[in-house]
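Me: Hey, can you walk me through this one? I'd like to go through the side chains in plain words.

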Amino acid sequence: MDGILLSICHDQVNLNEYRRIIRKGIPIVLFDRTIAEMDVSQIKIDDYIKSFFMVEHLIRKGKTKIIHLTGPSYIQNTFERIKGYKDALSKFNRPFKEEYLVEAGVDFNSGENAVRMLVEKNIPFDAIFCFTEMSALGAKNYLQATRIKIPQDVSIACMSGTELSKLVYPTITAVEQPVELMAETASKIIIEKLENPAMTNKTIVLDAETVYRESTL
């Protein structure tokens, strides 16, 4: 192979293998899910600021008990999004509660199970900010199955939205990554690296669009 475009699933597993590949002269470009300590070019969005503004949006909508369904602890994006969540609460002098921070993975069942646990524990909440679209869909499914109204009773918003956010009812407010631009940029960078191996590695932060929909009206 000449080069690798990589979106990692774990920020510690395989680090030595990545470094071995780089030492062989094969360039790696990380996109979306990146690793801060790796000296390679990286293409991503600003997870911190987008999370901050999403939680700010929920607060401005009058929500006071905002749950954050976080991603796994082995993904760097998780911590950037948690920081955005906490800092938005702090800006509006809203207290941070540990019980409102729930690790919920990245899939449908994880989101559904997390919200079921909150309801069974009688933890009150009026909004859910999800790490990813699939966990948001799982959370939404459980709420609707238990006749909790969205957004009247509970608002839902998420990161990493796709077309799915527009195909459900109610539609979901989401931060949508510029997927095509991210792929184009990563491809361009790795081609430049192949043509000029001495090229300095760079981190490129792309803008992402926040689309406000029915789930937070």
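Predicted model: local features only at pLDDT ≥ 70, side-chain atom pairs only at ≥ 80, totals over all residues.

Me: Ok. Which charged residue lies over the face of F96?

Reply: That's K86, at 4.6 Å from the ring centre. A charge sits over a ring if NZ of Lys or CZ of Arg is within 6 Å of the ring centre and within 35 degrees of the ring normal. R81 does this too: its charged end sits over the ring of F131, 4.4 Å from the centre.

Me: And how many aromatic pairs are there?

Reply: The structure holds 3. Rings of Phe, Tyr and Trp (its six-membered ring) pair if their centres lie within 6.5 Å; planes under 30 degrees apart count as stacked, over 60 as edge-to-face and the rest as tilted. One of the pairs is Y48 with F52, which is tilted, at 6.3 Å centre to centre and 45° between the planes.

Me: Where do Y48 and F52 sit?

Reply: Both are in helix α2, and because they are 4 residues apart there, about one helical turn separates them. Helices (H or I, at least four residues) and strands (E, at least two) are DSSP runs, numbered from the N terminus. Y48 is partly exposed at 25% relative accessibility, while F52 is buried at 11%. The rings of Y85 and F96 form an edge-to-face pair, with 6.3 Å between centres and 80° between planes. This pair links distant parts of the chain: Y85 is in helix α3 (residues 76–91), and F96 is in the loop between α3 and β5 (101–103), 11 residues apart. Y85 is buried, with a relative accessible area of 0%.

Me: Switching topic: how many salt bridges does a search of the whole structure find?

Reply: It finds 8. A salt bridge is a side-chain nitrogen of Lys or Arg within 4 Å of a carboxyl oxygen of Asp or Glu. Among them is E56 with R60, whose closest N and O atoms are 3.6 Å apart.

Me: Where are E56 and R60?

Reply: Both lie in helix α2 (residues 47–60), 4 residues apart, about one turn of the helix. E56 is buried, with 10% relative accessible area, and R60 is exposed at 59%.

Me: What about E176, which residue is its partner?

Reply: R213, with the closest N and O atoms 2.6 Å apart. E176 lies in strand β8 (residues 173–176) and R213 in the segment after β10 (209–211), so the pair ties together parts that are 37 residues apart in sequence. E176 and R213 are both buried. Elsewhere, salt bridges with shared partners join E56, R60 and K91 into one network.

Me: Now the backbone. Which peptide bonds are cis?

Reply: The bond from I150 to P151 is cis, with omega near 5°, and P151 is in the loop between α5 (133–145) and β7 (155–158). The bond from Y169 to P170 is cis as well, with omega near -10°, and P170 lies in the loop between β7 and β8.

Me: What's up with the phi of S160?

Reply: Phi of S160 is near 60°, a positive value in a residue other than glycine. S160 is also in the loop between β7 and β8, and counts as buried at 17% relative accessibility.

Conventions
Residues numbered from 1 in each chain as written. Heavy atoms only, no water. Buried < 20%, exposed > 50% of the residue type's maximum accessible area, 1.4 Å probe, protein only.
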